[in-house]
Amino acid sequence: MKLLTSVLPRGRLLTEDGWFTLAVCGFLVGLEVVGRYAALTDFHDGLAGFALVIAVAAVIARHRRAPLGWVLGLGTRFQKVGAAFAALRYDHGIDLRGTPPVARRTPPAVWVIAGALVVWAALAAGAWAVFPTGWRVAGVATSYTLYLGFLMALWGVLLAVTFVGVFVPVAVLDSLLKRWLGDTDRRGAELAAVVGYAVLVSAVAFVVPPAAILVLCLVVAVGAWLVYLPKGNDGPAVLWRSGVDQPVYAVPVRRVLSLVAMLASLLMFAILLTACGGRLLDAPRADDTMPVTALFGAIAAWLVPILVVVVALRLWSARRNDPARRTRPTAHVSGADRSQVRRASRLLREWGYRIRTAGTREPGQVGIEVVPPDRSQATEFDPQWPLKVSLDDLEAGGVRARLGRRDEIQVRRQLFRGLQKLLKRASAFKGPGGGGFWIAPHWWFVEGVGREDSDAAGEDAAPPLVGPPYARAIPGRARQHAHAVLRATQIDMIFVEDGVTFKGLDRVLRVVTELYDVHGGQRKAEELHFRGVPKVKVMIHEYEPGNPFRSDAYPEPKFDDLSRVRVLHVFRDRGGEEELIEPPYDFSWTPAPALVG
């Protein structure tokens, strides 16, 4: 008997990892069998998909505790695939200089992605044409497990679109209610709006086919393409290159926005066509095998219009508040003789002013009072405002330059007051390790003051915004004046180090505006113009590839290597030979060894 049992294998047939792997294989085989013979609709597929997700989570947990060989092999293959797609990544930066111009070219990856989305949409349309009751038939006939993975990914994307489609209108509603109601409790109104909006969208999605939404996606994609086509070299651009030793190209920001809109529209079109392509024009079929997917797709589709409206309003607001635009100044005209006020208003309109004659004069408006010639102060050295002028003064045209200068002084004061308010609010965000603030009120895509800490971990991360946005603190025409002055003096951004008071920054900005006034906007700012400004050290550096900022005595602001920006740095004056001093170390929190007697 012992001789017979001696030929049997001793010990365990499989290791613990082997039994776990065998159980996973058995689960997959069982999943294939259940999917082919028991699952009838995507509702059953959803249950099986959740089971697959749980199994994947179990494999991940088991692999973290004790690595599995086959999981490591799959990870290696995925890394190789990721390395192949890594070739589509590009180094990028921002170009605020514009001169000398950089060759314009769109990254090839954009057209690769656009072509892939078009192919995806074509395959989805073909699948629904071949399988009118649902393309799950093709998935079940090939590999049910892979079909479940794609179905779960599709459901996840649709649920993400649904979440965004609900969250964005709620966020917009919250900002509007906060503006109207102040700090009062708004939760009841928001909850009612969310529930009502969800019920309305669900009812429409259940009854109305989503064909119109797919047409809307195509219209947005075509419109974005038309916006992309015109060639323009003005304005900021995004710089990119495919490698360290590769040439650098530029894409204007206008084209970047149009490309993003086009790709997002094509992606949404492909996703919605994949989800609900079987019920684009008709009600759900009785023999539909994918009702859940179609319902998710319809709900996500009918959330798209409000997203398009919000994005369109956002872009329209950005365009309307663009400091690069020039809006007409406003003149407030008053006087006892209404006929003379009307004639004066007509002359001022010809000069390019918008006219206000009713109500009190608002800040930023140029005040004029039409008086008889003997009371005119048009030629006074230091008159009181609103300026008393006669109709003859206006017709002669000699007062036109004075009114223009008055408007310039007023918007400049508004700009300085707004910057003072912003820096006062932003000073609460100073870190213990020092740093500074980035100021650029003349760019439409920079919403507010940026904060940079010296001990920040992320080198390439954009500085976080602190304080209120520029649009709320600085009037629109004041930002337009900042754009005119800073672009004429070739200052793209301003960096203000901690410790520099607004009084010091005020002196620096007055030097810039004086340079603009004296030379008529024809001379750029240089470091020599700021010599003699007390308590600050002004350094101007042109960031460009291969030319980073270097200083032994002053902190180096973080900036990526591919950007082209001319920055005016305002530092605390450390003297000629003073070195950068590190902040003192706090020894009160240092643990001390205990003495044992």
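In this predicted model, helices α15 and α18 meet through a set of side-by-side partners. From α15 come Arg-405, Glu-408, Arg-412, Phe-416, Leu-419, Gln-420 and Leu-423. Facing them in α18 are Phe-502, Leu-505, Asp-506, Leu-509, Arg-510, Thr-513, Tyr-516 and Asp-517.

**How the two helices pack**

- Sorted by class, the contact of α15 with α18 has seven nonpolar, two polar and six charged residues.
- The axes of α15 and α18 lie 11 Å apart, at an angle of about 155°.
- Because angles over 145 degrees count as roughly antiparallel, α15 is roughly antiparallel to α18.
- The crossing of this helix pair, α15 and α18, is right-handed.

**The largest nonpolar core**

- In soluble globular proteins, nonpolar side chains tend to be buried together.
- Here the largest nonpolar core has 52 residues, and Ile-494, Leu-505, Phe-530 and Leu-568 have the most contacts inside it.
- Helices α15 (400-426) and α18 (502-519) are among the elements that give two or more residues to this core, as are strands including β8 (435-439), β11 (493-497) and β13 (565-572).
- With eight residues, α18 gives the most to this core.

**A closer look at one residue**

- Which residues does Ile-494 touch, not counting those up to four places away in sequence?
- Ile-494 touches Phe-437, Trp-438, Ile-439, Leu-505, Leu-509, Leu-568 and Val-570.

**A second core**

- A separate core of 33 residues is also present, and Ala-39, Cys-217, Leu-273 and Ala-275 are among its members.

Technical notes
Residues numbered from 1 in each chain as written. Predicted model: local features only at pLDDT ≥ 70, side-chain atom pairs only at ≥ 80, totals over all residues. Heavy atoms only, no water. Core = buried A, V, L, I, M, F, W, Y, C linked by side-chain atoms within 4.5 Å. Buried < 20%, exposed > 50% of the residue type's maximum accessible area, 1.4 Å probe, protein only. Helix = DSSP H or I, 4+ residues; strand = E, 2+ residues; numbered from the N terminus. Contact = heavy atoms within 4.5 Å. Axes fitted to C-alpha atoms, helices over the stretch in contact; angles between N-to-C directions. Parallel < 35°, antiparallel > 145°, perpendicular 65-115°, else oblique. Left-handed = near helix turned anticlockwise from the far one by under 90°. Nonpolar A, V, L, I, M, F, W, Y, C, P; charged D, E, K, R; others polar.
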